[in-house]
Amino acid sequence: MRRLPFPSRRTILVVIAACGIALGISRGLRLGKTRSEFAAIGRRRADLDAAVTAAESEPRRWRDQADRDRAARSRTLAEGRALEKDLAAIDPESRWAMPPLAEREWDPKSPYVWLRKELLPSFPVNPFDDQGHLRPEIAAVLTVDPAQVRALDVAVGRMVAENERREVARARTTDEHLPGVNQHGGPKVTLRIDPDPDGDAQMRQEFLAKLQGALGTQRAALLEQTAGSWLDSKTAAPGKIPKTFSVVRHPNGSFNISIQSGSMSMSSGGDHSLRNDIPPHLLPFFSALEGNDGDSGPPTP
């Protein structure tokens, strides 16, 4: 058996040193890796801290913005109230110049009411008087100036006068008295006005043309709808039905009156004057009934 030579002391020292160096390098590598991992964790933590801080600051930012907005709104309202107060001192009517915030709102302090235009025709208001003059309150609602009112009054007044002339020419007395009159004794007059479809249609066209010429299309349309019943009273009823006026005088001087025009009919009794129910241009036909004795026969037109 061959005997191996024993390593020298120097060789052993070199081997030990090499092992130490290798171990140191290995530990250094692991330490570097660990430090890198710690650094990455630190960066991720910093990112998370930044995200948390941003998330916490966002509500504060919105609250701060809301506070700023409320403060700005309060300042604007205060400035607006101050301006309204100054303007009201100069022009008191300016307080009512703006529409209310709600669609329908009643302000006890305001002398005005705001209405939508399409509501106007639904009010049962006769916009014209018997002579065809526009009533002042209607002119005020439609903001018709005095010059326009005068022009419209002249135009519609002429039309009404011509229509009355045509009605007088067509009026005929008849013995066919209306209910409410025929059952009473005493002198009676019944007047029938035959329809004139062509003339009435022409009158309606002229009426609308006069409205448009004086007020423009929109206000003319509103006024035409509002004036529907008034216009019907000036023309024959639809369906070519005549207008009929029946009057009987009682011994005490009072009258019973019945009127029929199309589907409209009315009766009254006890009046001592015909002027509330009979149009002025037709009153001459009933003059015999307004005499002292009431015995005269119906007048001849």
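## Basis of the model

The structure is a predicted model, in which local features need pLDDT of at least 70 and side-chain atom pairs count only at pLDDT 80 or more, while totals for chains, interfaces and linings use all residues. Residues are numbered from 1 along each chain as its sequence is written, and side-chain values use heavy atoms, with hydrogens and water left out.

## Overall fold

The chain has six helices and five strands. Helices (H or I, at least four residues) and strands (E, at least two) are DSSP runs, numbered from the N terminus. Their order along the sequence is α-α-α-β-β-α-α-α-β-β-β.

Of the 301 residues, 29% count as buried; buried means under 20% relative accessible area, exposed over 50%, and partly exposed in between (1.4 Å probe, protein chains only). The chain exposes about 20800 Å², with carbon and sulfur atoms supplying 57% of that area. Accessible areas come from the Shrake-Rupley method with a 1.4 Å probe, and for residues only the protein chains shown count as cover. Among contacts (heavy atoms within 4.5 Å) between residues at least 6 apart in sequence, 55% join residues at least 24 apart.

## Strand E2 and its partners

Strand E2 spans residues 188-193, and five of its six residues are buried, so the strand is largely enclosed by the rest of the structure. E2 pairs with strand E1 (residues 171-174) in the antiparallel sense over four bridges. Two strands pair if DSSP finds at least two bridges between them. Ala-171 has Ile-193 of E2 as its bridge partner.

E2 also pairs with strand E3 (residues 243-249), again antiparallel, over six bridges. Here Val-189 stands opposite Val-247 in E3.

## Aromatic cluster

The structure holds three aromatic pairs. Rings of Phe, Tyr and Trp (its six-membered ring) pair if their centres lie within 6.5 Å; planes under 30 degrees apart count as stacked, over 60 as edge-to-face and the rest as tilted. Phe-128 and Phe-207 form an edge-to-face pair, 5.7 Å centre to centre with 70 degrees between the planes. Phe-128 lies in the loop between helix H1 (9-90) and helix H2 (136-141), and Phe-207 in helix H4 (residues 197-215), so this pair ties together parts 79 residues apart in sequence. Both phenylalanines are buried.

Phe-207 also pairs with Trp-230: the ring centres are 5.7 Å apart and the planes lie at 40 degrees, so the pair is tilted. This second pair links helix H4 to helix H6 (residues 228-234), across 23 residues of sequence. Trp-230 is buried, as is Phe-207. Phe-128, Phe-207 and Trp-230 form one aromatic cluster.
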